[in-house]
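Subject: Structure handover

Hello,

Here is the structure we spoke about, with the sequence. My notes on it follow below.

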Amino acid sequence: MHGVETAVMIWEVMGVVFILYGIYQMFSKRQKPFGFYANIKELPEVEDVKGYNRALGKLFSCYGAAFMLLGLPMLTGGAGVVLSIIGTLFITIALVALYTLKVEKKYRKQ
């Protein structure tokens with residue numbers, strides 16, 4: 001296996017990890033909300049924990065699927081790698097924007 005194929009395989013596995021984490025969040029019986037940002041000790045105060053976790057799970061699952069699709073152009077080489085990286089930058093910004101403008105706004109305690 002060549003270096004590019006190995007990189008794409010690792011990229012795709014990371015996409016699957018995002019999807020599985022999202023599915024775990026969607027169907028979790030956890031009584032506390034999941035955190036969105038890494039290394040934050042204080043979890044958000046939300047009105048509907050189950051709805052919040054489900055929305056966050058959908059967000060992560062969709063992100064994982066988009067992340068996996070963006071890994072495929074790397075198979076073409078040079079320009080494909082740049083497209084994958086820049087595309088990931090944009091979908092990550094979109095993920096944070098959707099979380100802030102939709103999920104957090106809808107479920108955060110007023």
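Contact here means heavy atoms within 4.5 Å. Please keep in mind that this is a predicted model.

With that cut-off, and leaving aside neighbours within four places in sequence, glycine 57 is in contact with Gly22, Gln25 and Met26. Glycine 57 lies in helix α2. Its relative accessible area is 0%, so glycine 57 is buried, the limit being under 20%.

Next, helix α1. This helix covers residues 3-26, which makes 24 residues. From the first C-alpha to the last, α1 reaches 35 Å, close to the 34 Å expected at 1.5 Å a residue. The buried residues in α1 are Val8, Trp11, Glu12, Gly15, Gly22, Gln25 and Met26. Their cover includes α2 (49-71) and α3 (78-107). As background, an α-helix has 3.6 residues a turn, so residues three or four places apart point the same way.

There is also a nonpolar patch on the surface, formed by Met9, Ile10, Val13, Met14 and Val17. Together these residues have about 440 Å² of accessible area. One of them, methionine 9, is found in helix α1. With a relative accessible area of 43%, methionine 9 is partly exposed, because that class runs between 20% and 50%.

On aromatic rings, the count comes to 14 pairs. One of these is phenylalanine 18 with phenylalanine 60: the ring centres are 6.4 Å apart and the planes are at 15 degrees, so the pair is stacked. Phenylalanine 18 lies in helix α1 and phenylalanine 60 in helix α2, so the pair ties together parts that are 42 residues apart in sequence.

Last, charges. Side chains of opposite charge can pair when their charged atoms come close. How many salt bridges does the count come to? The count is one salt bridge. In it the side chains of glutamate 104 and arginine 108 meet, at 2.6 Å from N to O. Arginine 108 counts as partly exposed, at 33% relative accessibility.

Regards

Conventions
Residues are numbered from 1 along each chain as its sequence is written. This is a predicted model: local features need pLDDT of at least 70, side-chain atom pairs count only at pLDDT 80 or more; totals for chains, interfaces and linings use all residues. Side-chain values use heavy atoms; hydrogens and water are left out. Helices (H or I, at least four residues) and strands (E, at least two) are DSSP runs, numbered from the N terminus. The expected span of a helix is 1.5 Å times one less than its number of residues. Buried means under 20% relative accessible area, exposed over 50%, partly exposed in between (1.4 Å probe, protein chains only). Patches are made of residues with over 30% relative accessible area and no salt bridge: like charges are joined within 9 Å, nonpolar side chains (Val, Leu, Ile, Met, Phe, Trp, Tyr) within 5 Å. Accessible areas come from the Shrake-Rupley method with a 1.4 Å probe; for residues, only the protein chains shown count as cover. A salt bridge is a side-chain nitrogen of Lys or Arg within 4 Å of a carboxyl oxygen of Asp or Glu. Rings of Phe, Tyr and Trp (its six-membered ring) pair if their centres lie within 6.5 Å; planes under 30 degrees apart count as stacked, over 60 as edge-to-face and the rest as tilted.
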